[in-house]
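Student: Hi, I'd like to go through this one with you, a few spots at a time.

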Amino acid sequence: MGKSVVVLGTQWGDEGKGKIVDLLTEQAAVVTRFQGGHNAGHTLVVGENVYKLSLLPSGVVRGKLSVIGNGVVVDPWAFMAEVDRIAQQGVVITPDVVKISETATLILPIHREL
């Protein structure tokens, strides 16, 4: 069994977690996002490319198995828009690369109206 590394922020964001995760991703087999929603944002700079992510775990830009865990609140429309945007930058995103927990919470249009 391999090692597990957890990067956890203890402030309100903007702590540099994404930069640390990106450095660790080179050696990772799986990168998991375990909480939050599409209102979060992280920017990755890989070489000359800048990727702005919200729902997608940062491992996706390096082709690592990227898991959106059950603690993440998923807006399917925001997810698809992000996938389309990142794919336009040349990142291959398939069901083999990105997995979403079947128990992740969905934000639906009715939730916005309420």
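Tutor: Happy to. Let's start at Asp75, which is buried with a relative accessible area of 3%. Here buried means under 20% relative accessible area, exposed over 50%, and partly exposed in between, with a 1.4 Å probe and protein chains only. Keep in mind that this is a predicted model, where local features need pLDDT of at least 70 and side-chain atom pairs count only at pLDDT 80 or more, while totals for chains, interfaces and linings use all residues. Residues are numbered from 1 along each chain as its sequence is written, and side-chain values use heavy atoms, with hydrogens and water left out.

Student: Which side chain does Asp75 meet in a salt bridge?

Tutor: Arg112, at 2.4 Å from N to O. The two come from distant parts of the chain, 37 residues apart: Asp75 is in the loop between β5 (73-74) and α2, and Arg112 is in helix α3 (residues 109-113). A salt bridge here is a side-chain nitrogen of Lys or Arg within 4 Å of a carboxyl oxygen of Asp or Glu. Helices (H or I, at least four residues) and strands (E, at least two) are DSSP runs, numbered from the N terminus.

Student: How many salt bridges does a search of the whole structure find?

Tutor: The search finds 2. Arg62 and Glu26 also meet in one, at 3.9 Å from N to O. This pair links distant parts of the chain too, with Arg62 in the loop between β3 and β4 and Glu26 in the loop between α1 (17-25) and β1 (30-33), 36 residues apart.

Student: Is Glu26 buried or exposed?

Tutor: Glu26 counts as exposed because its relative accessibility is 51%. Arg62 has a relative accessible area of 30%, so it is partly exposed.

Student: New topic. Where does Gln88 sit?

Tutor: Gln88 is in helix α2 (residues 76-88). At 72% relative accessibility, Gln88 counts as exposed.

Student: Which residues is Val61 in contact with?

Tutor: Leaving aside neighbours within four places in sequence, Val61 is in contact with Leu44, Val46, Tyr51, Leu53 and Val91. Contact means heavy atoms within 4.5 Å.

Student: What does the side chain of His42 reach?

Tutor: His42 reaches the backbone oxygen of Leu56, at 3.3 Å.

Student: Last topic: what order does the open sheet have?

Tutor: The open sheet of 3 strands runs β1-β4-β6, with parallel pairing. Its edge strands are β1 and β6 (98-100), and each pairs on one side only. β1 and β4 pair over 4 bridges; Val30 stands opposite Leu65, and Thr32 has Val67 as its partner in β4.

Student: Which place does Ser66 have?

Tutor: Ser66 is in strand β4 (residues 65-68). With a relative accessible area of 0%, Ser66 is buried. A polar atom of its side chain lies 2.9 Å from the backbone nitrogen of Val60. Not counting residues up to four places away in sequence, Ser66 touches several others, including Val31, Pro57 and Val98.

How values were computed: Polar contact = N/O pair within 3.5 Å; in protein donor to acceptor, adjacent residues only side chain to side chain. Pairing = 2+ DSSP bridges.
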